[in-house]
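Please look over the structure shown below, with attention to its aromatic rings and its charged side chains. The report after it takes these topics in turn.

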Amino acid sequence: HIAPSFSALHLWGNTLYFLGKKKEEPSYFSHACKKYEKAIALSEGQSADILSDLYWDYGDLWAKLAEISEEATDFHVAIQAYDKAISFQDDLPAEFWLNFAQVYFTLGNKTNDLRLFV
């Protein structure tokens, strides 16, 4: 039995995430989360842009989980993942910043914390 590689786990997580969105089936998201977490555990030695992509995907997943659960802690995990993506690469495309801002905006509305809007 050969263990999946970092790249395979990352892509597997992406596939499960997109299946969950396409089929509107939340169970795919929990499976995607496990794949991303395994990829993170195997991420040592990966380039900064690859790690940034992984954490961006992980942030998007948690943003989706937070949208479903409406739990502030899930939004917080998404924010942490996006922050980690920025720590590896700060010149990310506009789509990233829009996703990141949406999580802050939604969490700010839920918690009435105006600092999150800034």
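## Burial and the basis of the report

A residue is called buried when its relative accessible area is under 20%, exposed when that area is over 50%, and partly exposed in between. By that cut-off tyrosine 82 is buried, and phenylalanine 96 is buried as well. The model discussed here is a predicted one.

## Aromatic pairs

A pair of aromatic rings is described by the distance of the centres and the angle of the planes. The count of aromatic pairs in this model comes to 12. One of them joins tyrosine 55 and phenylalanine 88, which are stacked, with 5.9 Å from centre to centre and 20° between the planes. This pair links distant parts of the chain, since tyrosine 55 belongs to helix α3 (residues 48-69) and phenylalanine 88 to helix α4 (residues 72-88), 33 residues apart. Tyrosine 55 counts as buried because its relative accessibility is 11%, whereas phenylalanine 88, at 29%, counts as partly exposed.

The rings of tyrosine 82 and phenylalanine 96 have centres 5.4 Å apart and planes at 90°, and the pair is therefore edge-to-face. Here too distant parts of the chain are linked, with tyrosine 82 in helix α4 and phenylalanine 96 in helix α5 (residues 94-111), 14 residues apart. Both residues also belong to a cluster in which ring pairs link Trp56, Tyr82, Phe96, Trp97, Phe100 and Tyr104.

## Charges over rings

The charged end of lysine 84 sits over the ring of tyrosine 55, 5.8 Å from the ring centre. Lysine 35 has its charged end over the ring of tryptophan 12, at 3.9 Å from the centre.

Glutamate 70 follows α3 and has a positive phi, near 60°.

Side chains of opposite charge can pair when their charged atoms come close. The count of salt bridges comes to 2. In one, the side chains of glutamate 67 and lysine 64 meet at 3.1 Å, N to O; these residues are separated by about one helical turn because they lie 3 residues apart in helix α3. Glutamate 67 is partly exposed at 49% relative accessible area, and lysine 64 is partly exposed at 21%.

In the salt bridge between lysine 110 and glutamate 70, the closest N and O atoms are 3.9 Å apart. That pair links distant parts of the chain, lysine 110 being in helix α5 and glutamate 70 in the loop between α3 and α4, 40 residues apart. Lysine 110 is partly exposed, with a relative accessible area of 39%, while glutamate 70 is exposed, at 52%.

Note on methods
Residues numbered from 1 in each chain as written. Predicted model: local features only at pLDDT ≥ 70, side-chain atom pairs only at ≥ 80, totals over all residues. Heavy atoms only, no water. Phe/Tyr/Trp six-rings, centres within 6.5 Å; stacked < 30°, edge-to-face > 60°. Helix = DSSP H or I, 4+ residues; strand = E, 2+ residues; numbered from the N terminus. Buried < 20%, exposed > 50% of the residue type's maximum accessible area, 1.4 Å probe, protein only. Lys NZ or Arg CZ within 6 Å of the ring centre and 35° of its normal. Salt bridge = Lys/Arg side-chain N within 4 Å of Asp/Glu carboxyl O.
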